[in-house]
Amino acid sequence: MSEDVEGEMSLRIRSAFVAGRAGRSRLARLSACLFASLLLALTLHAGDAAAQRRDLTIGITQYPSTLHPNIDAMAAKSYVENMTMRPFTTFDADWQLVCMLCVELPTFENGGAVRLPGQGKDGGDAVALTYRIQPDATWGDGTPVTTDDVLFTYDVGRHPQSGVSNAELYRDITKIEVVDAKTFVMTSRKLTFNYNAINDFRVLPAHLERPVFEADRANYRTRTLFDRDPTNPGLAFGPYRLTEVELGAFLVVEPNPHWWGEKPYFERIVVRVIENTAALEANLLSGGIDMIAGELGLSVDQAIGFEQRNGDRFRVVYKPGLVYEHLDVRLDNPILRDVRVRQALMHGMDRQALVDQLFGGRQTVARSDVNPLDWVHDDTTPVYGYDPAKAGALLDEAGWSTISRGIRQNAQGEPLRIPLVSTAGNRTRELIQQVLQAQWRQIGVDVAIEVQPPRVLFSESLTRRRFQGLALFAWIGSPENVPRTTLHSESIPTEGNGWAGQNYPGYASPDMDRLLDRIEVELDRERRKALWSDLQHLYAADLPALPLFFRSDVHIWPLWLEGVEPTGHQYSSTQTVERWRAADAG
Amino acid sequence: MLTHVTRSIVEAAVVLLVMSFVVYGLIGLMPGDPVDLMVTADPSITSADVERLRAIYGVDGPLLQRYGLWLGAALQGDLGLSRTYSQPVLPVLLDHLGPTLLLMGASLLLAVAIALPLGILAALAPRSPLDGLLNLLAFASISVPSFWLSLVLIVLFSVQLGWLPAGGVATVGDGGLGDRMVHLVLPVAALTVVTLGPLIRHTRAAMIEALRQDYVRTAQAKGASRARIVLGHALGNAMLPIATILALNVGGLVSGALAVETIFAYRGMGKLIYDSIMANDFNLALVGLLLATLLTLLANVAADVVYAWLDPRIAYG
């Protein structure tokens with residue numbers, strides 16, 4: 001933009017020189033003045049442009065509910081918070097576990113982890129882990145981050161009324177011993193393969209929050225300074241700290257002078273909340289925002305359209321992610337109970353065509369619930385290719401061999417009709433439902449499409465297991481996420497267990513239960529990978545859910561922005577925000 | 001008059017109490033609770049955590065019991081906390097009320113200022129080409145979806161022409177009066193357009209009815225000027241039904257315009273109430289809806305007073 005303006009103005013100046021013959025010297029002086037003014041204006045303009053590029057405005061579609069790090073898991077909160085705080089451990093852009101607030105991951109190999117035989121839960125092994133806090137880690141008010149903060153965080157996490165969402169993490173930690181101001185030993189009663197991952201142990205500032213907690217422990221979650229005084233500099237120790245918060249509208253962060261790491265480039269980052277994606281796009285085009293976050297922005301189909309129209313003005317990056325779109329199967333449905341019917345449905349779906357036509361091939365077709373980018377993914381897991389003939393043969397074999405008006409029937413004359421429910425208002429899912437209905441019709445299956453508001457689907461139909469056939473929705477996971485809550489028989493929601501668990505299909509397989517139990521405690525990577533392989537093969541054979549594809553995050557950046565590393569998982573790209581910069585920053 | 005106003009206020013209080021129960025019950029009957037939403041967001045949550053969180057968020061008891069507890073606290077001035085914003089409900093509501101009143105008030109005033117003359121003009125020459133044109137405009141205004149109009153305005157004035165901001169209440173870091181006014185232009189324009197139609201139609205209908213009355217013929221017979229007949233005699237009487245429509249619109253002033261606020265990312269009450277219902281934020285949704293109800297009731301009381309002022313023949317027993 002600045003180059004175009006400069007060119008246009010230079011042309012006008014040259015025209016003025018050519019136009020006048022009489023009074024040439026006066027015109028020359030006038031022109032010189034004009035030229036000088038122009039240069040000054042352009043210099044100021046260039047200065048403005050440079051100043052603007054020290055500001056970055058990001059558009060996201062959701063406002064975070066609470067800003068407390070350990071209460072209420074939410075993508076919007078995580079996105080902002082990764083700029084102002086850092087977890088002890090996290091997954092990086094390559095999906096590897098790394099240290100952020102700690103100096104080094106404790107392992108058995110480096111002596112940071114020590115096995116405690118027989119001291120764990122139910123007589124198992126426990127583990128003692130030594131973490132060292134980054135030596136220069138300091139809260140934004142100059143107070144060092146110390147083990148006192150760690151002990152306080154542990155106190156809050158253990159309190160039954162503190163409202164911490166991942167309370168299991170704190171229950172599993174049996175004690176924390178302080179070695180010095182920057183070193184502590186954490187003992188966990190569970191020795192699992194991810195024993196040294198404490199991603200959800202987000203350290204709290206004891207010097208500010210302890211008085212609030214001690215004053216009224218039961219109501220701490222409603223009195224925390226993270227919500228009452230969010231711009232308090234002492235609440236941040238990341239590269240940025242919050243300086244302005246407008247409820248429901250925007251959050252502003254500016255550099256934290258006490259940040260220990262690489263100096264952040266941007267002097268101010270504004271995170272603006274625009275829930276409507278059409279308005280989000282319009283704001284990007286009009287300059288109201290500079291970029292759209294991939295974590296909470298446009299869907300792939302919207303982004304493809306945007307890229308076609310504006311691909312020359314913005315960089316559109318598709319990052320394959322861990323959001324798993326699939327169809328949960330109600331396994332006690334008499335039709336779907338037969339695995340041959342489920343396999344026929346898989347062969348009757350042309351998932352690659354679906355992905356190509358609806359998403360321009362930007363999504364990854366799934367073999368199971370394990371993402372191909374995850375290191376435990378097994379490429380030999382059987383793929384259900386599009387094969388209507390095979391699907392028909394399987395349905396014949398399952399007793400659905402008579403065809404009347406294009407719909408298969410069984411010996412009793414019952415039609416092969418399957419309800420397919422999904423979320424209302426989600427245009428992409430509604431399109432998928434229609435495509436599947438058309439494809440399955442080709443093999444004689446009648447699909448009854450139903451949509452429900454997300455609240456009804458997720459709060460009633462799924463959790464109370466009231467859906468009748470197939471349910472189309474997505475799971476969000478993390479790298480090497482053991483699917484215990486979705487596949488273990490103990491996780492089937494029933495009235496008896498208060499509808500807890502997320503095994504909505506009602507899948508009960510002793511083999512799967514054993515695999516899940518073993519994977520969790522297998523520390524050897526190769527042996528664990530073999531178990532994961534078995535799990536994926538079993539999943540593909542039993543089909544407790546019909547895999548569709550893994551969603552991609554779509555990041556839309558200005559051409560001048562560089563250094564952003566999309567992650568594809570729930571630990572957002574902002575966890576390396578200090579590396580973001582303008583391309584002309586040198 | 002004083003008795004009537006007092007009685008209206010008491011009636012309003014009773015309606016408010018009934019409404020609080022109805023709204024609380026309706027929100028409570030909706031599927032899911034705040035903890036269900038947390039479960040959806042966090043697959044690693046355990047059943048023990050779910051029970052613990054239900055107790056913490058006070059959604060583990062029967063609905064009637066929870067309503068009783070809420071009402072008791074509300075009568076003592078404690079309207080509760082917003083679960084979504086982790087803050088007391090009232091400051092959150094008041095924070096959103098100001099921008100909404102500004103947005104809705106400005107658009108209503110503008111709509112009235114445009115609709116009244118247009119409605120009168122249409123009534124003066126019914127079935128004329130001018131009346132036809134104004135009717136066409138009115139129906140277009142009634143028919144156009146506000147979200148579509150909002151997007152069209154953004155695309156035209158923000159994206160194509162670059163004259164006006166595409167959304168928000170103010171520029172982050174600015175927030176001066178001029179900046180706020182500039183941010184108001186497009187949402188006010190969108191709301192004014194969609195409010196105009198019904199007001200033109202109501203004004204036209206009321207004026208046509210008034211101009212048919214005997215007193216208008218009498219005034220004409222007495223040689224009163226056209227302007228005096230229209231503005232002095234007919235309009236005064238036509239204002240009675242128009243005042244009713246305007247009083248009912250006051251409720252809308254508080255509850256906001258959801259579509260326009262959403263498209264323009266305008267921090268207002270409509271979006272706040274909608275979001276709080278969707279997020280099962282019981283307290284916020286309840287108090288927000290009750291606030292809108294209260295203001296509507298008060299506006300109706302005010303409308304009664306205006307009736308008496310406009311037409312002294314109206315007497316209250």
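A polar contact is a pair of N or O atoms within 3.5 Å; within protein, one atom must be able to donate a hydrogen and the other to accept it, and residues adjacent in sequence count only if both atoms are side-chain atoms. By this rule, 4 residue pairs, both at pLDDT 80 or more, are in polar contact across the interface of chain B and chain A.

The structure is a predicted model, in which local features need pLDDT of at least 70 and side-chain atom pairs count only at pLDDT 80 or more, while totals for chains, interfaces and linings use all residues. Residues are numbered from 1 along each chain as its sequence is written, chains are lettered from A and ligands numbered from 1 in the order in which they are written, and side-chain values use heavy atoms, with hydrogens and water left out.

**The interface**

The size of an interface is often given as the accessible area lost when the parts come together. Buried area is that loss for two parts, found with a 1.4 Å probe and summed over both. The table gives the values for this interface.

| Item | Value |
|---|---|
| Residues of chain B in the contact (heavy atoms within 4.5 Å) | 50 residues |
| Residues of chain A in the contact | 50 residues |
| Area buried between chain B and chain A | about 4,000 Å² |
| Share of that area from carbon and sulfur atoms | 55% |

Chain B and chain A are also joined by 2 salt bridges, a salt bridge being a side-chain nitrogen of Lys or Arg within 4 Å of a carboxyl oxygen of Asp or Glu. B:K271 forms one with A:E275, where the closest N and O atoms are 3.4 Å apart. Elements that give two or more residues to the side of chain B touching chain A include α3 (47-56), α5 (89-124) and α12 (269-278) of chain B. Of these elements, α3(B) gives the most, with 7 residues.

**Chain B**

Chain B has 13 helices and 2 strands; helices (H or I, at least four residues) and strands (E, at least two) are DSSP runs, numbered from the N terminus. Of its 317 residues, 47% are buried. Buried means under 20% relative accessible area, exposed over 50%, and partly exposed in between (1.4 Å probe, protein chains only). B:R212, in the loop between α8 (177-211) and α9 (214-221) of chain B, counts as exposed because its relative accessibility is 55%. B:R212 and B:A234 are 22 residues apart in sequence and 9.0 Å apart in space, C-alpha to C-alpha.
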